[in-house]
Amino acid sequence: MYKKKLAYLGPGGTFSEEAALCYSSSYQRQMVEYPTLTAVIRAVCEKETEEGLVPFENSLEGGVGATLDQLARQEGLYIRHELTRPVRQCLMSGEKWPLTKIKTIYSHPHALGQCTEYLDLNLPHAEHFTVESTAAAAVLAAQNAETAAIAPRRAAAIYHLALLAENIQDNLDNSTRFVVLGRSDHPPTGRDKTSLVFTIPDGPGSLHKILGYFARRAINLTRIESRPSRRIAGDWLFFVDCEGHRFDQGRKELWEEIEKEVSFFKLLGSYPCSNFKC
């Protein structure tokens with residue numbers, strides 16, 4: 001019997017759905033489909049579901065902006081799990097069209113970005129159009145002649161498409177890291193990771209000073225990424241992952257030190273370090 005509901009980005013045939021299927025089978029979750037990342041996150045915040053699974057970063061394209069923006073903005077929302085899914089992009093269409101006949105290619109912006117080399121070499125004549133998901137691209141490919149989609153292999157089976165090419169991503173090690181969000185994070189396990197976000201005042205050495213607090217405590221940073229805050233020009237958010245749980249010994253003092261030096265600070269949650277790959 002399912003204990004919790006898991007919101008995920010639909011429709012069927014997306015990498016998010018595949019990751020949700022993998023997580024749900026391991027943790028016994030009831031999957032609930034939502035049309036946008038914002039809707040997934042809102043479902044958790046408004047207690048429609050206990051958890052929500054969203055893409056966090058791609059090994060080729062970097063952080064997923066829509067997810068990062070919502071995490072920085074929403075209160076009472078925490079990362080409680082992470083999992084990584086290999087990304088295998090496929091080219092598919094309603095019929096077995098020769099590549100020279102393909103005039104239009106639809107996909108999510110990240111998927112198109114992950115297949116630049118293949119598209120430049122094999123379909124330089126085709127126009128590219130972005131849509132909200134790889135599944136939406138598959139639907140359009142099924143409905144229009146001389147049109148193709150870039151999507152997971154599973155989408156071809158769901159939408160009855162012909163596979164024109166497989167594994168077309170520029171890097172065969174391409175993967176996406178997903179995070180599971182909840183209204184609380186995970187208790188300490190002894191092998192954890194903490195995510196946080198902050199903004200810093202403009203000035204020479206500002207970021208170096210903040211990172212020094214981690215260095216003096218010998219805390220390893222596993223990821224750092226900057227992103228515009230969308231508030232005023234020149235204001236940047238810094239997203240950081242570090243080893244350890246936010247409740248580990250000495251961490252309370254670390255957060256207090258950093259908070260005194262920055263204009264905005266938010267702990268995004270602590271969760272088990274995961275080698276969990278679907």
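**Exercise 1. Where does Thr-67 lie, and is this residue buried or exposed?**

Solution. Step 1: Thr-67 is located in helix α3. This assignment rests on a predicted model.

Step 1: The relative accessibility of Thr-67 is 0%, and buried means under 20%. Thr-67 therefore counts as buried.

Step 2: When residues up to four places away in sequence are set aside, Thr-67 touches Leu-37, Val-54, Pro-55 and Phe-56.

**Exercise 2. Identify the residues that touch the most other members of the largest nonpolar core, and state which elements supply the core.**

Solution. Step 1: The largest nonpolar core has 24 residues, of which Val-54, Leu-71, Ile-79, Leu-181 and Phe-239 touch the most other members.

Step 1: At least two residues of this core come from each of β1, α2 (37-45), β3 (51-58), α3 (65-73), β11 (175-182), β14 and β15.

Step 2: Helix α2 gives the most, with six residues.

Step 3: As general background, nonpolar side chains in soluble globular proteins tend to be buried together.

Step 4: For Leu-71, the contacts beyond its neighbours within four places in sequence are Phe-56, Leu-77, Ile-79, Leu-181, Lys-266 and Leu-268.

**Exercise 3. Which residues of α2 are buried, and against which elements do they pack?**

Solution. Step 1: The buried residues of α2 are Leu-37, Ala-39, Val-40, Ile-41, Ala-43 and Val-44.

Step 1: These buried residues pack against β1, β2, β3, α3 and β11.

Step 2: After α2 comes Lys-47, which has a positive phi near 65°.

**Exercise 4. Determine the strand order of the open sheet of four strands, and explain why β13 and β15 stand at its edges.**

Solution. Step 1: The order is β13-β14-β12-β15, and the pairing is antiparallel.

Step 1: Each of β13 (221-228) and β15 (264-272) has a single partner strand, so one side of each is left without a neighbour in the sheet. These two strands thus stand at the edges.

Step 2: On average, neighbouring strands of this sheet are turned by 15° against each other, direction ignored.

Step 3: Arg-223 stands opposite Asp-241 in β14.

Step 4: Helix α9 (residues 251-261) packs on the sheet and touches β12 (192-199), β14 and β15. The direction of α9 makes about 155° with that of β15.

**Exercise 5. How many helices and strands does the protein chain have, and how does its radius of gyration relate to the globule rule?**

Solution. Step 1: The protein chain has nine helices and 15 strands.

Step 1: Its radius of gyration is 20 Å, close to the 19 Å that the globule rule gives for 278 residues, so the chain is as compact as a globular protein of that length.

Step 2: The C-alpha trace spans about 60 × 50 × 30 Å along its principal axes.

Step 3: Of the 278 residues, 53% count as buried.

Step 4: Among contacts between residues at least 6 apart in sequence, 76% join residues at least 24 apart.

Notes. Residues are numbered from 1 along each chain as its sequence is written. This is a predicted model: local features need pLDDT of at least 70, side-chain atom pairs count only at pLDDT 80 or more; totals for chains, interfaces and linings use all residues. Side-chain values use heavy atoms; hydrogens and water are left out. Two strands pair if DSSP finds at least two bridges between them. Axes are lines fitted to C-alpha atoms, for helices over the stretch in contact, and angles run from 0 to 180 degrees between N-to-C directions. Contact means heavy atoms within 4.5 Å. A nonpolar core is a set of buried Ala, Val, Leu, Ile, Met, Phe, Trp, Tyr and Cys residues joined through side-chain atoms within 4.5 Å. Buried means under 20% relative accessible area, exposed over 50%, partly exposed in between (1.4 Å probe, protein chains only). The radius of gyration is taken over C-alpha atoms; the globule rule is 2.2 Å times the number of residues to the power 0.38.
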